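Please keep the structure in view while reading.

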Amino acid sequence: MTEGCWLLSRNNPLHYSEEELALRRAFISEADRLLRNRFGDPPIKKQSDPLDTLIITILSQSTSDHNRDLAFSELKRRFPTWERAAEALESEIADAIRSGGLANQKSQRIKEILVWAREKSGGYGLDWLKDIRLDEAIEILTALKGVGIKTAAVVMCFAFDAEIFPVDVHIHRICRRLGLAPLKAAAEKTHQLMQPLIPPGRCKAFHLNLLILGRRICRPSNPKCEDCPLSEICPYFIYSDFS
Ligand code: SF4
(Lines give C-alpha, C1' and ligand atoms only; values in the text may rest on other atoms or scores of the structure.)
Protein backbone atom coordinates (compact mmCIF):
# COMPACT_ATOMS: atom_id res chain seq x y z
CA MET A 1 0.00 0.00 0.00
CA THR A 2 1.40 3.41 -0.88
CA GLU A 3 1.76 6.18 1.65
CA GLY A 4 -1.06 7.97 -0.15
CA CYS A 5 -3.40 5.04 0.41
CA TRP A 6 -2.48 4.92 4.06
CA LEU A 7 -3.16 8.62 4.42
CA LEU A 8 -6.55 8.32 2.84
CA SER A 9 -7.84 4.95 3.92
CA ARG A 10 -11.07 4.49 5.86
CA ASN A 11 -10.12 0.85 6.44
CA ASN A 12 -8.70 1.12 9.95
CA PRO A 13 -5.10 1.77 8.89
CA LEU A 14 -4.12 2.59 12.46
CA HIS A 15 -5.25 -0.80 13.73
CA TYR A 16 -7.75 0.45 16.25
CA SER A 17 -9.83 -2.31 17.71
CA GLU A 18 -13.24 -2.46 16.06
CA GLU A 19 -14.73 -1.13 19.28
CA GLU A 20 -12.36 1.84 19.46
CA LEU A 21 -12.87 2.66 15.80
CA ALA A 22 -16.65 2.63 16.32
CA LEU A 23 -16.32 4.82 19.43
CA ARG A 24 -14.12 7.36 17.65
CA ARG A 25 -16.46 7.49 14.67
CA ALA A 26 -19.42 8.01 16.98
CA PHE A 27 -17.53 10.83 18.73
CA ILE A 28 -16.84 12.57 15.41
CA SER A 29 -20.46 12.15 14.30
CA GLU A 30 -21.60 13.73 17.55
CA ALA A 31 -19.11 16.61 17.16
CA ASP A 32 -20.35 17.12 13.59
CA ARG A 33 -23.96 17.16 14.81
CA LEU A 34 -23.23 19.64 17.61
CA LEU A 35 -21.41 21.98 15.23
CA ARG A 36 -24.25 21.77 12.72
CA ASN A 37 -26.72 22.62 15.47
CA ARG A 38 -24.75 25.76 16.29
CA PHE A 39 -23.44 26.92 12.93
CA GLY A 40 -25.75 25.18 10.49
CA ASP A 41 -24.48 23.39 7.42
CA PRO A 42 -22.04 25.57 5.46
CA PRO A 43 -23.49 26.71 2.13
CA ILE A 44 -22.52 24.44 -0.73
CA LYS A 45 -20.36 26.61 -2.93
CA LYS A 46 -19.49 26.00 -6.52
CA GLN A 47 -16.38 23.90 -6.85
CA SER A 48 -13.34 26.15 -7.01
CA ASP A 49 -10.80 26.12 -9.83
CA PRO A 50 -8.08 23.63 -8.83
CA LEU A 51 -5.08 25.73 -9.90
CA ASP A 52 -6.52 28.86 -8.26
CA THR A 53 -7.12 26.79 -5.11
CA LEU A 54 -3.58 25.47 -5.14
CA ILE A 55 -2.05 28.94 -5.57
CA ILE A 56 -4.33 30.49 -2.91
CA THR A 57 -3.39 27.73 -0.47
CA ILE A 58 0.31 28.35 -1.12
CA LEU A 59 -0.31 32.05 -0.48
CA SER A 60 -2.18 31.27 2.74
CA GLN A 61 0.88 29.73 4.40
CA SER A 62 1.97 31.69 7.49
CA THR A 63 -0.35 34.62 6.92
CA SER A 64 -3.90 35.77 7.61
CA ASP A 65 -6.83 35.15 5.27
CA HIS A 66 -7.01 38.90 4.67
CA ASN A 67 -3.38 39.18 3.56
CA ARG A 68 -3.68 36.01 1.50
CA ASP A 69 -6.68 37.46 -0.35
CA LEU A 70 -4.87 40.75 -0.94
CA ALA A 71 -1.89 38.88 -2.37
CA PHE A 72 -4.05 36.73 -4.64
CA SER A 73 -6.05 39.73 -5.90
CA GLU A 74 -2.89 41.63 -6.72
CA LEU A 75 -1.39 38.59 -8.42
CA LYS A 76 -4.48 38.25 -10.63
CA ARG A 77 -4.59 41.98 -11.29
CA ARG A 78 -0.99 42.07 -12.53
CA PHE A 79 -1.21 38.74 -14.34
CA PRO A 80 -4.79 38.23 -15.53
CA THR A 81 -3.94 34.78 -16.91
CA TRP A 82 -1.76 32.05 -15.42
CA GLU A 83 0.12 32.03 -18.70
CA ARG A 84 1.21 35.63 -18.09
CA ALA A 85 2.30 34.77 -14.54
CA ALA A 86 4.25 31.74 -15.78
CA GLU A 87 6.16 34.01 -18.17
CA ALA A 88 6.92 36.58 -15.47
CA LEU A 89 10.11 36.73 -13.46
CA GLU A 90 9.97 35.32 -9.94
CA SER A 91 10.82 38.79 -8.66
CA GLU A 92 7.75 40.21 -10.46
CA ILE A 93 5.53 37.56 -8.87
CA ALA A 94 7.15 38.29 -5.50
CA ASP A 95 6.35 41.99 -5.88
CA ALA A 96 2.71 41.16 -6.61
CA ILE A 97 2.25 38.91 -3.57
CA ARG A 98 4.30 40.93 -1.08
CA SER A 99 1.28 41.51 1.20
CA GLY A 100 1.02 37.75 1.85
CA GLY A 101 4.50 37.47 3.39
CA LEU A 102 7.36 35.09 2.49
CA ALA A 103 7.10 36.58 -0.98
CA ASN A 104 10.41 35.27 -2.33
CA GLN A 105 9.76 31.70 -1.18
CA LYS A 106 6.13 31.68 -2.33
CA SER A 107 6.92 33.25 -5.70
CA GLN A 108 9.45 30.50 -6.40
CA ARG A 109 6.89 27.83 -5.53
CA ILE A 110 4.16 29.49 -7.58
CA LYS A 111 6.41 29.78 -10.60
CA GLU A 112 7.43 26.12 -10.30
CA ILE A 113 3.80 25.05 -9.98
CA LEU A 114 2.78 27.03 -13.07
CA VAL A 115 5.60 25.51 -15.11
CA TRP A 116 4.65 22.04 -13.80
CA ALA A 117 0.95 22.59 -14.66
CA ARG A 118 1.83 23.60 -18.21
CA GLU A 119 4.15 20.64 -18.67
CA LYS A 120 1.57 18.19 -17.35
CA SER A 121 -1.35 19.23 -19.52
CA GLY A 122 -0.10 21.78 -22.03
CA GLY A 123 -2.22 24.42 -20.31
CA TYR A 124 -3.08 25.65 -16.87
CA GLY A 125 -5.98 23.43 -15.94
CA LEU A 126 -5.68 20.70 -13.35
CA ASP A 127 -8.98 18.99 -14.15
CA TRP A 128 -7.08 15.85 -15.09
CA LEU A 129 -6.54 15.27 -11.36
CA LYS A 130 -10.17 14.23 -11.01
CA ASP A 131 -9.69 11.46 -13.56
CA ILE A 132 -7.10 9.60 -11.52
CA ARG A 133 -7.38 7.84 -8.16
CA LEU A 134 -7.45 10.14 -5.15
CA ASP A 135 -4.35 8.62 -3.59
CA GLU A 136 -2.45 9.10 -6.87
CA ALA A 137 -3.59 12.71 -7.08
CA ILE A 138 -2.40 13.31 -3.52
CA GLU A 139 0.96 11.74 -4.26
CA ILE A 140 1.40 13.89 -7.36
CA LEU A 141 0.47 17.10 -5.54
CA THR A 142 2.57 16.42 -2.45
CA ALA A 143 5.60 15.74 -4.67
CA LEU A 144 5.52 19.46 -5.54
CA LYS A 145 7.82 21.65 -3.49
CA GLY A 146 5.88 23.47 -0.78
CA VAL A 147 2.78 21.29 -1.12
CA GLY A 148 2.02 19.15 1.92
CA ILE A 149 -0.94 16.95 2.70
CA LYS A 150 -3.02 19.90 3.93
CA THR A 151 -2.62 21.85 0.69
CA ALA A 152 -3.23 18.76 -1.44
CA ALA A 153 -6.31 17.89 0.60
CA VAL A 154 -7.71 21.42 0.25
CA VAL A 155 -7.32 21.24 -3.54
CA MET A 156 -8.96 17.82 -3.84
CA CYS A 157 -11.74 18.59 -1.35
CA PHE A 158 -12.71 22.05 -2.57
CA ALA A 159 -11.99 21.77 -6.29
CA PHE A 160 -13.26 18.21 -6.80
CA ASP A 161 -15.46 17.42 -3.79
CA ALA A 162 -13.17 14.49 -3.02
CA GLU A 163 -13.63 12.52 0.20
CA ILE A 164 -10.61 13.93 1.95
CA PHE A 165 -10.50 15.93 5.16
CA PRO A 166 -8.06 18.86 5.20
CA VAL A 167 -6.38 19.49 8.56
CA ASP A 168 -5.24 23.09 8.85
CA VAL A 169 -3.70 24.77 11.88
CA HIS A 170 -7.11 25.40 13.52
CA ILE A 171 -8.35 21.86 13.03
CA HIS A 172 -5.04 20.41 14.18
CA ARG A 173 -5.35 22.36 17.43
CA ILE A 174 -9.01 21.43 17.99
CA CYS A 175 -8.42 17.73 17.31
CA ARG A 176 -5.65 17.64 19.90
CA ARG A 177 -7.82 19.40 22.46
CA LEU A 178 -10.62 16.94 21.74
CA GLY A 179 -8.23 14.06 22.40
CA LEU A 180 -8.41 12.83 18.81
CA ALA A 181 -4.66 13.25 18.31
CA PRO A 182 -1.74 13.31 20.77
CA LEU A 183 -0.84 16.77 22.06
CA LYS A 184 2.53 16.62 20.34
CA ALA A 185 1.27 15.13 17.08
CA ALA A 186 2.35 16.76 13.82
CA ALA A 187 -0.43 17.97 11.55
CA GLU A 188 0.17 15.10 9.12
CA LYS A 189 -0.32 12.60 11.93
CA THR A 190 -3.58 14.30 12.86
CA HIS A 191 -4.69 13.97 9.25
CA GLN A 192 -3.89 10.25 9.31
CA LEU A 193 -5.80 9.80 12.54
CA MET A 194 -8.84 11.79 11.44
CA GLN A 195 -9.33 10.63 7.86
CA PRO A 196 -10.77 7.16 8.71
CA LEU A 197 -13.21 8.72 11.17
CA ILE A 198 -15.03 11.31 9.04
CA PRO A 199 -18.56 10.27 8.07
CA PRO A 200 -18.92 9.79 4.29
CA GLY A 201 -19.97 13.00 2.58
CA ARG A 202 -19.07 15.21 5.56
CA CYS A 203 -15.41 16.08 4.89
CA LYS A 204 -16.01 19.57 3.51
CA ALA A 205 -18.86 20.63 5.81
CA PHE A 206 -17.19 19.30 8.97
CA HIS A 207 -13.92 20.98 7.97
CA LEU A 208 -15.66 24.32 7.41
CA ASN A 209 -17.55 24.19 10.70
CA LEU A 210 -14.37 23.33 12.60
CA LEU A 211 -12.71 26.33 10.94
CA ILE A 212 -15.51 28.56 12.24
CA LEU A 213 -15.07 27.03 15.69
CA GLY A 214 -11.30 27.55 15.60
CA ARG A 215 -11.53 31.17 14.52
CA ARG A 216 -14.35 32.25 16.82
CA ILE A 217 -14.23 30.02 19.87
CA CYS A 218 -11.46 27.42 20.12
CA ARG A 219 -8.76 30.01 19.60
CA PRO A 220 -5.06 29.28 20.15
CA SER A 221 -5.05 31.05 23.50
CA ASN A 222 -7.95 31.59 25.87
CA PRO A 223 -10.48 29.35 24.09
CA LYS A 224 -14.04 30.37 24.93
CA CYS A 225 -15.02 26.93 26.23
CA GLU A 226 -18.10 28.21 28.07
CA ASP A 227 -19.53 29.25 24.71
CA CYS A 228 -18.41 26.15 22.80
CA PRO A 229 -20.91 23.72 21.25
CA LEU A 230 -18.41 20.89 21.88
CA SER A 231 -17.78 21.58 25.58
CA GLU A 232 -19.97 18.68 26.73
CA ILE A 233 -17.76 16.17 24.88
CA CYS A 234 -14.38 17.94 25.06
CA PRO A 235 -11.82 16.43 27.46
CA TYR A 236 -9.77 19.65 27.40
CA PHE A 237 -12.74 21.41 28.98
CA ILE A 238 -14.15 18.57 31.06
CA TYR A 239 -10.84 17.68 32.75
CA SER A 240 -9.42 21.19 33.04
CA ASP A 241 -9.29 22.98 36.36
CA PHE A 242 -11.46 25.77 34.97
CA SER A 243 -14.34 23.42 34.13
S1 SF4 B 1 -14.52 23.10 24.80
FE2 SF4 B 1 -12.84 24.58 24.66
S3 SF4 B 1 -11.01 23.41 24.11
FE4 SF4 B 1 -12.81 22.12 23.73
S5 SF4 B 1 -13.25 22.43 21.55
FE6 SF4 B 1 -14.48 23.87 22.70
S7 SF4 B 1 -13.30 25.77 22.84
FE8 SF4 B 1 -11.91 24.10 22.19
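A residue is called buried if 20 or more other C-beta atoms lie within 10 Å of its own, exposed if 12 or fewer do, and partly exposed in between, with the C-beta atoms placed from the backbone. The model is a predicted one, in which local features need pLDDT of at least 70 and side-chain atom pairs count only at pLDDT 80 or more, while totals for chains, interfaces and linings use all residues. Residues are numbered from 1 along each chain as its sequence is written.

The chain has 13 helices and 0 strands, where helices (H or I, at least four residues) and strands (E, at least two) are DSSP runs numbered from the N terminus. The C-alpha atoms fill a box of roughly 55 × 40 × 30 Å along the principal axes. The radius of gyration, taken over C-alpha atoms, can be set against a globule rule of 2.2 Å times the number of residues to the power 0.38; for 243 residues a compact globule would have a value near 18 Å, and the 19 Å of the chain agrees with this. Of the 243 residues, 35% count as buried. Among contacts (C-beta atoms, placed from the backbone, within 7 Å) between residues at least 6 apart in sequence, 65% join residues at least 24 apart.

An α-helix has 3.6 residues a turn, so residues three or four places apart point the same way.

The ligand has 13 residues around it, of which C218, C225, C228, C234 and F237 come nearest; a residue counts as near if its C-beta atom, placed from the backbone, lies within 6 Å. Helices α10 (169–177) and α13 (235–238) each supply at least two residues of this shell.

Most residues other than glycine have a negative phi. L102, in the loop between α6 (90–96) and α7 (103–121), has a positive phi of about 45°, and counts as partly exposed, with 18 C-beta neighbours inside 10 Å. N222, in the loop between α12 (203–216) and α13, likewise has a positive phi, near 50°, but is exposed, with 6 other C-beta atoms within 10 Å.

How values were computed:
Contact = placed C-beta atoms within 7 Å.
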